[in-house]
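This report covers a ligand site, an aromatic pair and a loop. The sequence and model come first.

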Amino acid sequence: MTVEKLAVYPGSFDPVTNGHLDLVRRATGIFQKVVVAVLRNIQKDCLFTVEERVELLRESVSGLPSVEVDAFDGLLVDYVRRKKARHILRGIRAVSDFEYEFQMALMNRRLAPDLETVFLMPREEYTYLSSRLVREVARLGGPVEGLVPPPVIRLLKERFRS
Ligand code: PNS
């Protein structure tokens, strides 16, 4: 039974990986609704546009009715409040994630003490998996099957077709 109402799972998702999806699935067992929120980051050099990233996520979570995909800009805490959520969801894969996540969680707490960041761990087989490595492997022609969902494999193949 899900006990909490709504969580916002923010990120760049460039592109969404099976590790992200594992986290979303776990969150659906805790929260009644999960909003996956893609940051519109104009500074960051992204492989996929926000629209592409949102669409890839939508296709990948189509079997999960309690999951919504959206895009946001500005401060995360403002977006979370606009959605009337109280929980921010993030994944921790390894100790190396901890410092960055700790800083963000505490900054967000300073900005919005009423919000809580919740951390979940993905399956251990995804510990080494990151969007950055997926982009690099795909760019260099390596296989990404099993690391990202089928819609992402299709678009990566299109993007890097020689
Ligand atoms: O997947 P990422 O790139 O690690 O996600 C980072 C993200 C999107 C969660 C973070 O950059 C963010 O929340 N950006 C929004 C701007 C903001 O609120 N900054 C202050 C947070 S400490």
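In which helix do Phe98 and Phe102 lie, and how many residues apart? Both sit in helix H4, 4 residues apart, about one turn of the helix. Helices are DSSP runs of H or I with at least four residues, strands are runs of E with at least two, and both are numbered from the N terminus.

The model holds 3 aromatic pairs. Rings of Phe, Tyr and Trp (its six-membered ring) pair if their centres lie within 6.5 Å; planes under 30 degrees apart count as stacked, over 60 as edge-to-face and the rest as tilted. Phe98 and Phe102 form a stacked pair, with 5.1 Å centre to centre and 25° between the planes.

## Basis of the model

This is a predicted model, where local features need pLDDT of at least 70, side-chain atom pairs count only at pLDDT 80 or more, and totals for chains, interfaces and linings use all residues. Residues are numbered from 1 along each chain as its sequence is written, and side-chain values use heavy atoms, with hydrogens and water left out.

## Ligand contacts

Polar contacts are pairs of N or O atoms within 3.5 Å. Ser12 places a polar side-chain atom 2.5 Å from a ligand oxygen atom. Leu76 uses a polar backbone atom, 2.8 Å from an oxygen atom of the ligand. For Arg90, a polar side-chain atom lies 3.0 Å from a ligand oxygen atom. Alone, the ligand exposes 550 Å², and the protein buries 76% of that (Shrake-Rupley method, 1.4 Å probe).

## Shell composition

## Loop between E1 and H1

Phe13 lies in the loop between E1 and H1. Its phi is near 50°, a positive value in a residue other than glycine.

Pro15 is in the loop between E1 and helix H1 (18-28). A cis peptide bond joins Asp14 and Pro15, with omega about 0°.

Definitions and conventions:
Polar contact = N/O pair within 3.5 Å; in protein donor to acceptor, adjacent residues only side chain to side chain.
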